[in-house]
Amino acid sequence: MLLATGVEAVDVPGTGGRVAASGWVDGLAVAPTEDSREQVPEASVVLRLRATPSRPITAHVELRSRFGGPFVGGHPGFDDWVHVFQNHSPDFEANEAWLEAHTSRVDVRAGIQKFAWGKLDGIPPTDILNPRDFHDPIVRDAEERKIGIPALAVSWYPRDWERLALHGLRATFVYVPIAVPSSLPLLEERWFPPSTTETRPVVIPAAALGAALGIPNFPTPLRVPVTFRTTNHRPPLRFDAGGFALRLSGTWRNSDWDFYHYTGPWTGPDVDLRPTVFLDTFDPRDLARTRVHAVASLRQAHDEIHMDGADFSTAVGAATIRGEIAWFDDQPYLRPGADLASPAALARLPLAQLTRTLLEKRRVRANLGDLFASEDAIEWGLGADYLVHGFLPLVQVNQIALVEPAPTLLNANPETRLTGSVRRRFFADRVEVEVRGIYAIERRDWFAFPRVAWFPRDDLRLRLGYLAIGGPPRSVFGQFKQNDEVVMEARYAF
C-alpha cells in the first residue's frame, strides 16, 4: 500500500505474475519565510520490483533517484555507503536489493536491507540499525529517510508456547559486515545544524599569549577568525567495523513484545572537530601586526556502541498503548560548537607548546575535545492513540537520561519530549487533515507541522502544510527556528 488510499503493486506483463512493480513519483516545493535559506523544488522517484521466481525464493529491489531540493552545489552521482557528506543532484541509489529464501521455520535474507524496530511514533529509541538521511529531517517521513545497508538476516520461528500463552515467536539474527554512516547536509545547505559552527572569532588574551611567547606585556589580544569545512573519512575497512543485532519477538495474550540487542557502529550523526591554526604574519619588531587564522574541519567519525532494549504494544479498550526502553553504552551526543572554543576550554590548552610549534612550522593542530560526547544513557518512551468520532489523536512522551556526569550537550539532561498528533478524514476519505508536533520541556524548543491532503483519485495525493519551529539556538529544534516554511507536495503512486 503506497498511499492511504490502497494502491497495490501491479504485475509486470510477460512475467506470469512472478514480478510485481510499484513505486511513486513525488514533487516537493518549499516556500521559505523570514530569514530562512532558499530551497529549490525537489523531484524524486522510487521504483520497487518484487519477484518470486519459485515458491521458497523472493527477490526485492527498490531504486531511488532525487533531483533538486535541499542539496546545494551538487553534481550527478551514485550515493555510496561510506561517506557522510554527499550532495549528489540528481542522485541515484539502490535503497534495497535483497534475496530471501523461505522454509517452514527459517527465513534467510541477504543483500541491501531496511529494518523496522521499535513501536513508538517518529524515530523509536531502538530503531538504530539503519542510518538516515538528514538533508530534510522533519518534513520527510522517518521511514523514507532510512538508508539501506548490506546485511545478512536469519529468522527462526519456533512453535507456540501454549502453556505460557506465547504465540508468533520469532528470533532474528542480523549481521552487518561494514559500517554505513548517516547522510548529513553540507555547511551551506538548509538543514546543516548551525549550533555546530556558532563560534565567534577566538580571542587569546594578551597576558596568556605573552606568557606563551615569553614576552612580557604583549601589546594586544590575538583574534583568531575561524573558517569551517566538511571532510569525509570513510569507516575502517575491517570486519570488526561492522556489527550484529539480535531480536526476539512474539505475542502474549493481546500484547506484542520485543527484546533487542545491537553491537556495532553508531548510525546517527557523528563527526569530529579538527581545527588547524595557521600563522599569517609574525614580526618580533611589531608584535601588534601578528595575524593568524584557523580552519576547523568537521570530519566524519566512527564510534562503536552497544544497545539493549525492549518494547511492547497492547490494546486497552479502544486505545492502543505502546512503550519502549533502550540502554545505550557510549552513544555519541552533540555538544554546542561554541563550548569547544570557550575561554574555559582555551585555558586548558597547552598554549606555550602550541605557540612554539606555530612559530616553527607556521601551522599547528589544536585538540579542543569531542564535538560528539560518548555517553551512557537510557532512552524511553510511552505513547497511546485512541480512535474517537473519526479522529485519531496520539500522545507520546520520550525521555533521554544520561547515567553519568557529562559536558553540556545540545539536548538537556534529562531531555523530555512531548509528541502529539491528530488526524481526521473528511468527504468520503478524500481529504485528510493532520497536525503533529514535538515540544521539549527542559529547553522549550518545539516544532509544529499542520497539513491537509487531498486525494482526487486513489493513486494521487496533493498536500499543503506549514512547518513552524521555535526555541533557543542551543537546542535540538531551536537551532533551526529560521527554517519555517510552507510545504507543497504532490505524489503519484503506481
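1. Ten bridges hold β15 and β16 together, and the two run antiparallel. Strands here are DSSP runs of E with at least two residues, numbered from the N terminus, and two strands pair if DSSP finds at least two bridges between them. In this pairing, L279 sits opposite V292 of β16.

2. Before going on: this is a predicted model, where local features need pLDDT of at least 70, side-chain atom pairs count only at pLDDT 80 or more, and totals for chains, interfaces and linings use all residues. Residues are numbered from 1 along each chain as its sequence is written, and side-chain values use heavy atoms, with hydrogens and water left out.

3. The sheet is open, with four strands in the order β12-β16-β15-β19 and mixed pairing. At its edges are β12 (226–231) and β19 (363–365), each pairing on one side only.

4. What joins β15 (residues 271–281) to β19? Three bridges, in the antiparallel sense. T276 has R365 of β19 as its bridge partner, while F278 stands opposite R363 in β19.

5. Elsewhere, look at F426, which belongs to strand β22 (residues 415–426).
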